[in-house]
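Here are some notes to read beside the structure. Please go through them point by point and find each residue as you go.

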Amino acid sequence: MGLSIIWYLKEFCRGTWIKTFLFAKTAPLVDPPYFRGYPTLTGKECTHCLSCMMICPTPGAIEVLCEGETWAPKIFEGHCIRCGLCIEACPEDVLDAGRVLETQARDGTSLSVRYQVAVNPDTCVRCGNCVVACPVNKEADPQLSATGTSANDEVIMRIHRGNLWVFHDEKCTGCKTCEGVCPTGSIRIARVAEGRQGAEE
Amino acid sequence: MTGMLQKMKNAVRSRSIHVTYVDTGSCNGCDIEVLACLSPRYDLEQYGIYVHNNPREADVLLVLGCCTPQWEDKLKGLWEKIPEPKVAIAIGNCPLSGCVFNREGSYVNPPASKHIPIAASVPGCPPRPTEIIRAILSLAPTVFKDYEEKRE
Ligand code: SF4
Ligand code: SF4
Ligand code: SF4
Ligand code: SF4
């Protein structure tokens with residue numbers, strides 16, 4: 001018992017112990033380099049393609065806003081969950097956070113997005129509204145008739161022999177104008193996002 | 001002129017911050033990040049932050065979660081139990097926007113600042129332990145500094 005007290009006193013009188021006890025510094029609080037924070041602008045030019053907004057899984061997290069002459073995405077903290085999908089989806093590398101862009105370049109990964117146009121034939125009344133409203137159709141066939149029939153094969157969908165046919169859903173840009181004008185809610189646009197590796201576009 | 005006693009109080013308060021946390025309906029992601037602050041890797045106590053499970057012992061309240069209706073009055077009660085000086089920090093997206101729970105028809109009532117005064121927020125889903133510690137460390141001493149003098 002007595003010995004152990006002496007042992008302790010001896011131990012506490014050691015210079016290193018006193019120094020550590022009085023002057024030990026707390027390690028600084030640093031985020032590790034792999035930490036994926038909020039996406040920040042890299043300074044590259046945004047083309048207003050809205051891929052970032054379309055891939056974002058969170059409502060109200062990102063908006064592409066006009067700043068004078070140029071467009072720039074804005075991240076809303078408190079909504080954004082820092083998933084990093086907008087960084088991967090942007091074709092212009094406008095956004096970056098952590099090591100997302102670096103990893104993407106190293107692994108050669110990309111996100112490819114396409115849209116599926118699905119029509120419910122049981123409720124569709126073949127009015128042709130969607131065909132006429134679609135901006136891609138208008139570009140492909142300026143002479144599109146008001147009933148949605150067309151002699152042109154390049155349109156996304158058209159009324160053909162009294163039915164609505166979807167020919168080229170790979171051309172759809174996902175604007176969902178057709179969903180808005182359909183009186184019966186029969187047409188639905190689904191976004192299909194695929195992660196790819198090694199595919200050069 | 002700041003009195004000697006006040007100076008001492010400031011020094012002690014900036015090195016001994018007592019924290020309690022309440023989860024008002026989160027997914028537990030932020031809770032785990034708050035607990036990670038206690039782990040050896042971040043070791044919250046080396047910064048002089050102590051975690052209590054009793055609001056009466058705390059100065060700082062960390063609010064997590066999106067404030068479900070059952071929590072509305074209880075959060076207020078809990079806030080009143082904390083002795084002055086006190087401060088509340090919202091941790092995560094939930095107390096700010098409701099995050100994933102803020103959907104049509106869900107029983108949540110964010111933001112938390114509707115129910116109690118929130119002094120700062122640490123957004124993120126979830127925020128990193130470093131961000132949480134940094135928020136507590138930067139906020140608490142400034143809020144508690146010269147508290148007695150400011151009150152007069
Ligand atoms: S990081 Fe994720 S949640 Fe945040 S804006 Fe980008 S896509 Fe949306
Ligand atoms: S930030 Fe990228 S993805 Fe978003 S609109 Fe601009 S260029 Fe398109
Ligand atoms: S989403 Fe837009 S581009 Fe695609 S089919 Fe509908 S209207 Fe046409
Ligand atoms: S607008 Fe709707 S109802 Fe009319 S043709 Fe298109 S899908 Fe059918």
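**Notes on the predicted model**

1. Start at ligand 2. Its shell holds 13 residues, and the closest are Cys46(A), Cys49(A), Leu50(A), Cys52(A) and Cys90(A). Sorted by type, the shell has 9 nonpolar, 3 polar and 1 charged. Keep in mind throughout that this is a predicted model.

2. Next, look at the aromatic rings. A pair of rings is described by two things: the distance of the centres and the angle of the planes. How many aromatic pairs are there over all chains? The count is 4.

3. Trp7(A) has 47% and is partly exposed. Tyr8(A) has 45% and is partly exposed too.

4. Now take Phe12(A) and Trp17(A). Their ring centres are 4.6 Å apart and their planes stand at 40 degrees, so this pair is tilted. Phe12(A) is partly exposed, at 38% relative accessibility. Trp17(A) is partly exposed as well, at 32%.

5. Step back from the pairs. Trp7(A), Tyr8(A), Phe12(A) and Trp17(A) belong to one aromatic cluster together with Phe21(A).

6. In chain B, Lys86(B) lies over the face of Trp79(B), 4.6 Å from the ring centre.

7. Strands of a sheet pair through backbone hydrogen bonds, either parallel or antiparallel. Here the sheet is open and has 5 strands in the order 2-1-3-4-5, with parallel pairing. From one strand to the next, the twist averages 30 degrees.

8. Which strands of chain B stand at the edges? They are strand 2 (49–52) and strand 5 (120–122). Each has a single partner strand, so one side of each is left without a neighbour in the sheet.

9. Finally, follow strand 5 of chain B to its pairing with strand 4 (residues 87–91). The two pair in the parallel sense over 3 bridges. To see a bridge partner, find Ala90(B): its partner in strand 5 of chain B is Ser121(B).

Notes
Residues are numbered from 1 along each chain as its sequence is written. Chains are lettered from A and ligands numbered from 1 in the order in which they are written. This is a predicted model: local features need pLDDT of at least 70, side-chain atom pairs count only at pLDDT 80 or more; totals for chains, interfaces and linings use all residues. Side-chain values use heavy atoms; hydrogens and water are left out. Rings of Phe, Tyr and Trp (its six-membered ring) pair if their centres lie within 6.5 Å; planes under 30 degrees apart count as stacked, over 60 as edge-to-face and the rest as tilted. Buried means under 20% relative accessible area, exposed over 50%, partly exposed in between (1.4 Å probe, protein chains only). A charge sits over a ring if NZ of Lys or CZ of Arg is within 6 Å of the ring centre and within 35 degrees of the ring normal. A residue is near a molecule or strand if one of its heavy atoms lies within 4 Å of it. Ala, Val, Leu, Ile, Met, Phe, Trp, Tyr, Cys and Pro count as nonpolar, Asp, Glu, Lys and Arg as charged, and the others, Gly among them, as polar. Two strands pair if DSSP finds at least two bridges between them. Helices (H or I, at least four residues) and strands (E, at least two) are DSSP runs, numbered from the N terminus. Axes are lines fitted to C-alpha atoms, for helices over the stretch in contact, and angles run from 0 to 180 degrees between N-to-C directions.
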